[in-house]
Amino acid sequence: MPDTKRYRYKALKWIAGTLLGIFIVLAGLTWFLNIKSRPILTDRIKTLLYKSTDSLYTISFTKVSTNVITGNATLQNVKITPDTNRFKQLIALKRAPNNLYTVSLKKLVVKHFHPLTLYREKKLQLEEIIFDKPEVTMVNRQFAFNEGRAPRPIKSPYDIISKNLKEFSIKSIRFKDVSFKYVNKNVPNSVPFDIDDLNITLTDLLVDSTSADDPSRFYLLKDIVINLNNYVYHTPDKMYDIKLDQLDFRATTGKLRVNSFALVPLYDEMKFGKVAGYARERFDIGMRDIILNGIDLPLYISKQELWAKEMAISNGFISVFNQNGLPNKPQENKIGKFPHQLLQLLKAPILVQKIQLKDVNVNYSVFNSESNQRGGSVLKTPLEL
């Protein structure tokens, strides 16, 4: 082998050996940092949640895996649970929240947690946390001492974490495909409300020396975005399906938009009353482009009261049908049974200052078994209430 080729071969061999050595050192260093970062991150997460919630919540998980190169971490079999004894203490101290949450999920993903910033500056900065298919239970109990309070923590979390951290921030918290259960403890023997496939995004959570007093934030957040697709609810009497397609809500604007809403009877006009067993009005409702403006989200979160400045509905229909030939329901009193009167019986208060209807047709018809004919009337909008 000529000397030039021999030297070139040795140089390449040396470079390859050097790169291999550097790779082994970096791999070993990465492995070491990953192993060292896991107990630190685990302790930070558990301590932070416990202290920032005034000792109300604890988090548990079976396994945590980290990658310091990408700044990602994954927690397996996560459970966030409230301490009921601590909750009773907070009630006595008049610091208890109206809502109590329990969260469980198979996997929680933390993205870009910047470990060096945590070590050097005592700032825990996270880019994103993803709760994948969590099961969330919210129990609501309204307390008089929370009336009129601003949508801010009763006790600043920064005062609680300041000994360990100068700052805690998360750019985005995403709840994907949530199974949500709401339990109302204000009404005796109330039936829990369930909803699936809910998506919630919490934007720019910040805990520092000033965030608790920032008027542009609510619950330390800059915004809350809620999305629900293709929701179907089967009514308890098994006569209707309630269908909702594409609900979007953003807290900063207070605007809720529903692409379409429908109350769909499960039987045709002539069969509906026969299945019910008496002459029962059959409603068929379809609405599109439903918009509510000026929703007070903090009021709804704390008390489940829906207040909005305006509601606009465009493009829809309401069809009501009745068959007179069937027997009346025994001891049926129709006083108080009209839709607007039934709305007043809802336990959750609803206040909409103005309602606008456009291109909504209302059709009422009755089938007379003696004449074997049907008659009715039609009302067309626009209409403003």
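These legends describe close-up views of a predicted model. Local features need pLDDT of at least 70 and side-chain atom pairs count only at pLDDT 80 or more, while totals for chains, interfaces and linings use all residues. Residues are numbered from 1 along each chain as its sequence is written, and side-chain values use heavy atoms, with hydrogens and water left out.

**View 1. The largest nonpolar core, with Phe131 and Phe168.** This core has 72 residues. A nonpolar core is a set of buried Ala, Val, Leu, Ile, Met, Phe, Trp, Tyr and Cys residues joined through side-chain atoms within 4.5 Å. Phe131 and Phe168 have the most contacts inside the core. Strand β7 (residues 167–184) gives the largest share, seven residues. Strands (E, at least two residues) and helices (H or I, at least four) are DSSP runs, numbered from the N terminus. In soluble globular proteins, nonpolar side chains tend to be buried together.

**View 2. The surroundings of phenylalanine 168.** Residues up to four places away in sequence are not counted here. Contact means heavy atoms within 4.5 Å.

**View 3. The salt bridge of aspartate 237 and arginine 280.** The N to O distance is 2.7 Å. A salt bridge is a side-chain nitrogen of Lys or Arg within 4 Å of a carboxyl oxygen of Asp or Glu. The pair links distant parts of the chain, 43 residues apart. Aspartate 237 lies in the loop between β10 (231–234) and β11 (240–250). Arginine 280 lies in the loop between α5 (269–276) and β13 (282–293). Aspartate 237 is partly exposed at 36% relative accessibility, and arginine 280 is partly exposed at 22%. Buried means under 20% relative accessible area, exposed over 50%, and partly exposed in between (1.4 Å probe, protein chains only).

**View 4. Further salt bridges, from the 11 that the structure holds.** Glutamate 121 pairs with lysine 123 at 3.9 Å, N to O. Glutamate 121 is partly exposed, at 40%. Lysine 123 is partly exposed too, at 24%. Aspartate 214 pairs with arginine 217, their closest N and O atoms 3.5 Å apart. Aspartate 214 is partly exposed at 22%, whereas arginine 217 is buried at 8%.

**View 5. The aromatic pair of tyrosine 240 and phenylalanine 272.** The structure holds four aromatic pairs. In this one, the ring centres are 5.5 Å apart and the planes stand at 55°, so the pair is tilted. Rings of Phe, Tyr and Trp (its six-membered ring) pair if their centres lie within 6.5 Å; planes under 30 degrees apart count as stacked, over 60 as edge-to-face and the rest as tilted. Tyrosine 240 sits in strand β11 and phenylalanine 272 in helix α5, 32 residues apart. Both residues are buried.

**View 6. The aromatic cluster of Phe87, Phe143 and Phe145.** These three residues form one cluster.

**View 7. Positive phi at asparagine 77 and lysine 238.** Most residues other than glycine have a negative phi. Asparagine 77 has phi near 50°. This residue lies in strand β3 (residues 72–82) and is partly exposed, at 36%. Lysine 238 has phi of about 60°. Its place is the loop between β10 and β11. Lysine 238 is exposed, at 64% relative accessibility.
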